[in-house]
Structures are given as C-alpha cells and as structure tokens.
Amino acid sequence: MNYGNIKKTDIADGEGVRVTLFVSGCRIHCPGCFQPQTWDFNFGKEFTEETQIELLEALKPPYIAGLTVLGGEPFEPENQAVLAPFLERVRQTYPKKNIWCYSGYVYEKDLLEGGAKHTEYTDRMLECIDVLVDGPFIEAQKNLMLDFRGSENQRILRLKK
C-alpha cells in the first residue's frame with residue numbers, strides 16, 4: 001500500500017487534534033474530489049514499518065485525540081490488507097485514543113458482510129474504527145458548512161458507543 005501524505009496535527013478530519021494518514025488508491029473517482037492524485041494506487045510513498053513507527057510516535061502526545069485514515073480509499077481491498085493489522089496495532093498501543101476513517105463506500109451496502117467491498121479484513125478494520133464518515137462525495141450536494149464532511153449525503157457514523 002502507498003500513502004500520499006501524513007499530517008501530524010490536523011483539526012479538519014475529525015474531533016480534536018489528530019494524526020491523519022492519506023492512503024493511495026481509489027476506484028470511486030468522485031467528480032470534484034479534493035485529492036484526485038490519490039486515486040492512483042502507486043501515488044506517494046510505500047507504507048512501511050518505518051511509516052507505522054512514525055505514525056505511532058506522532059500519536060504519543062497527550063493532546064493528540066487520535067488517528068484519522070482517509071484517501072484515496074481505505075476500504076479498497078488492497079488497502080484493507082495493510083490497514084487492518086495497522087489499526088489493530090494503533091488500538092492496542094493507544095486504547096484511549098479514537099480512530100476515524102473516511103470512506104466513499106456506504107457502510108450498510110458496501111462494507112458489511114455480503115457488501116461489495118467486504119473482505120476478510122473489513123470486520124477487523126470496522127472493529128477498530130470509532131467513527132466512520134461514509135458515502136461518496138457528491139459535488140451537487142457540496143456544503144462547506146458541514147462538520148467533517150464535504151457533501152450532504154455523507155454520514156458521520158459513531159460505530160463505538
């Protein structure tokens with residue numbers, strides 16, 4: 001898996017100050033996407049053990065609320081295979097920090113068992129994620145006043161109570 005960017009102090013992609021990982025690779029190709037360069041699975045740098053250590057170190061300060069993963073598309077099957085064990089590692093290392101994930105896929109239709117993007121890794125990822133922002137970006141429903149999402153169809157799903 002490749003990634004396009006890491007932000008070590010992000011306040012736009014979830015509640016509180018966050019560490020954000022932008023993965024590469026997306027087959028949805030939403031018109032008006034704010035990062036079309038991340039559609040390419042080869043964009044950016046390889047996600048290595050060193051990258052994971054860098055992210056875990058960035059999550060260490062007490063003012064960091066948690067990790068956000070977006071893209072690209074975290075739930076592309078190739079990305080799930082890498083992200084599932086990494087998210088489990090984050091959860092084990094920082095059980096009190098939260099994990100947000102953005103997906104252009106729809107939770108019930110695509111990610112749950114039987115869904116178009118459900119793989120052997122999906123449930124492991126979902127088990128780690130506290131908040132999922134789902135649904136494709138729809139340019140005609142773009143709304144800059146929404147918290148933590150770009151278009152009105154997108155939902156903020158709190159998977160953990």
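This is a predicted model: local features need pLDDT of at least 70, side-chain atom pairs count only at pLDDT 80 or more; totals for chains, interfaces and linings use all residues.
**Entry 1. Charge over a ring**

I began with Lys97, which lies over the face of Tyr94 at 5.7 Å from the ring centre. I counted a charge as sitting over a ring if NZ of Lys or CZ of Arg is within 6 Å of the ring centre and within 35 degrees of the ring normal.

Residues are numbered from 1 along each chain as its sequence is written, and side-chain values use heavy atoms, with hydrogens and water left out.

**Entry 2. Aromatic pairs**

I searched the whole structure and found three aromatic pairs. Rings of Phe, Tyr and Trp (its six-membered ring) pair if their centres lie within 6.5 Å; planes under 30 degrees apart count as stacked, over 60 as edge-to-face and the rest as tilted. The ring centres of Tyr3 and Phe47 are 6.3 Å apart and their planes stand at 85°, so I recorded this pair as edge-to-face. Tyr3 belongs to strand β1 (residues 2–10) and Phe47 to the loop between β3 (45–46) and α1 (49–58), so the pair links parts of the chain 44 residues apart. I took helices (H or I, at least four residues) and strands (E, at least two) as DSSP runs, numbered from the N terminus.

I then looked up accessibility, where buried means under 20% relative accessible area, exposed over 50% and partly exposed in between (1.4 Å probe, protein chains only). Tyr3 is buried at 8%, and Phe47 is buried at 7%. Phe47 also pairs edge-to-face with Phe86, at 5.3 Å centre to centre and 80° between the planes. Phe86 lies in helix α2 (residues 77–93) and Phe47 in the loop between β3 and α1, so this pair ties together parts that are 39 residues apart in sequence. Phe86 is buried, as is Phe47.

I traced an open, mixed sheet of seven strands in the order β3-β1-β2-β4-β5-β6-β7. Its edge strands are β3 and β7 (155–158), each pairing on one side only; two strands pair if DSSP finds at least two bridges between them. Strand β6 (residues 131–134) runs antiparallel to β7 and is joined to β7 by four bridges. Asp134 stands opposite Arg155 in β7.

I saw α1 packed on the sheet, touching β1, β2 (17–23), β3 and β4 (64–70), with its direction at about 15° to that of β1. Contact means heavy atoms within 4.5 Å. Helix α2 lies across β2, β4 and β5 (98–102) and runs at about 175° to β4. Axes are lines fitted to C-alpha atoms, for helices over the stretch in contact, and angles run from 0 to 180 degrees between N-to-C directions.

I located Gln35 in the loop between β2 and β3, buried at 12% relative accessibility. The Gln35 side chain reaches the backbone oxygen of Gly71 at 3.1 Å. Leaving aside neighbours within four places in sequence, Gln35 is in contact with Phe22 and Gly71. The peptide bond from Gly71 to Gly72 is cis, with omega near 20°.

**Entry 3. Positive phi**

Most residues other than glycine have a negative phi. I noted His29, not a glycine, with a positive phi of about 55°; His29 is partly exposed at 38%. Phe148 has phi near 60°, lies in the loop between β6 and β7 and is partly exposed at 22%.

How values were computed
A polar contact is a pair of N or O atoms within 3.5 Å; within protein, one must be able to donate a hydrogen and the other to accept it, and residues adjacent in sequence count only if both atoms are side-chain atoms.
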